[in-house]
Amino acid sequence: INAEYMGRYNKCYNSRMQFRLGLDITGKNSKVIDMWLDWLSYSKADYHISNRELSELNILTDNSQQIAFELNAKSNGDPTYLEILESWTEEYKSELINDITLTHIF
């Protein structure tokens, strides 16, 4: 596989993940994406349920610890990795707020 193809693939993959998470689509790699995929992998949470549950949670106003607990429980994740999910929730919340702020400024 050549470098040009992999570069394009990675940009499209990152854009798709940003879209799925409701983030501004830049195509650039994001710490939020990496942390999300790490938690999914480590906790063995159900990918599809986890993504659907994100739309049900009030990420911007609810407590990060409570969000992590609910999301983990509903997606059958291993509670050993709740700390990773809680850190992700804080990072995700920050990126969402940043995207909202930039949208309203410009």
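Is Glu-4 buried or exposed, and what is its relative accessible area? In this predicted model, Glu-4 is exposed, with a relative accessible area of 57%, where buried means under 20% relative accessible area, exposed over 50% and partly exposed in between, computed with a 1.4 Å probe on protein chains only.

**Conventions for the views.** Residues are numbered from 1 along each chain as its sequence is written, and side-chain values use heavy atoms, with hydrogens and water left out. Because the model is predicted, local features need pLDDT of at least 70 and side-chain atom pairs count only at pLDDT 80 or more, whereas totals for chains, interfaces and linings use all residues.

**View 1. The whole protein, with its helices.** The protein contains 5 helices and 0 strands, and its pattern along the sequence reads α-α-α-α-α; helices (H or I, at least four residues) and strands (E, at least two) are DSSP runs, numbered from the N terminus. The radius of gyration is 14 Å, which agrees with the value near 13 Å that a compact globule of 106 residues would have; this radius is taken over C-alpha atoms, and the globule rule is 2.2 Å times the number of residues to the power 0.38. Along the principal axes, the C-alpha atoms fill a box of roughly 40 × 40 × 20 Å. Of the 106 residues, 34% are buried. Among the contacts with a separation of 6 or more, 53% are between residues 24 or more positions apart, a contact being heavy atoms within 4.5 Å.

**View 2. The surface and its charges.** The protein exposes about 6900 Å², of which carbon and sulfur atoms supply 52%; accessible areas come from the Shrake-Rupley method with a 1.4 Å probe, and for residues only the protein chains shown count as cover. There are 10 positive and 16 negative charges, and their mean positions are 8 Å apart. In this count Lys and Arg are positive and Asp and Glu negative, while His and the chain ends are not counted, and the place of a charge is NZ of Lys, CZ of Arg, CG of Asp or CD of Glu.

View 3. Side chains of opposite charge can pair when their charged atoms come close. The structure holds 3 salt bridges, each defined as a side-chain nitrogen of Lys or Arg within 4 Å of a carboxyl oxygen of Asp or Glu. One of them joins the side chains of Glu-4 and Arg-8, at 3.5 Å from N to O. Both residues lie in helix H1 (residues 3-20), 4 residues apart, which is about one turn of the helix. Arg-8 is exposed at a relative accessible area of 55%.

View 4. The side chains of Lys-31 and Glu-91 meet in a salt bridge of 3.8 Å, N to O. This pair links distant parts of the chain, with Lys-31 in helix H2 (residues 31-43) and Glu-91 in helix H5 (residues 82-105), 60 residues apart. Lys-31 is exposed, with 52% relative accessible area, whereas Glu-91 is partly exposed, with 29%.

View 5. A salt bridge of 3.7 Å, N to O, forms between the side chains of Glu-53 and Lys-74. Glu-53 lies in helix H3 (residues 47-56) and Lys-74 in helix H4 (residues 64-74), so the pair ties together parts that are 21 residues apart in sequence. Glu-53 is buried, with a relative accessible area of 15%, while Lys-74 counts as partly exposed at 42% relative accessibility.

**View 6. Two loop residues with positive phi.** Most residues other than glycine have a negative phi. Lys-44, although not a glycine, has a positive phi of about 60°; Lys-44 is found in the loop between H2 and H3 and counts as exposed at 67% relative accessibility. Asn-76 likewise is not a glycine and has a positive phi of about 60°; Asn-76 sits in the loop between H4 and H5 and is exposed, with a relative accessible area of 57%.

**View 7. Asn-51 and its contacts.** Asn-51 lies in helix H3 and is buried, with a relative accessible area of 12%. Not counting residues up to four places away in sequence, Asn-51 touches Arg-20, Leu-21 and Trp-36. The C-alpha atoms of Asn-51 and Asp-99, which are 48 residues apart along the chain, are separated by 19 Å.
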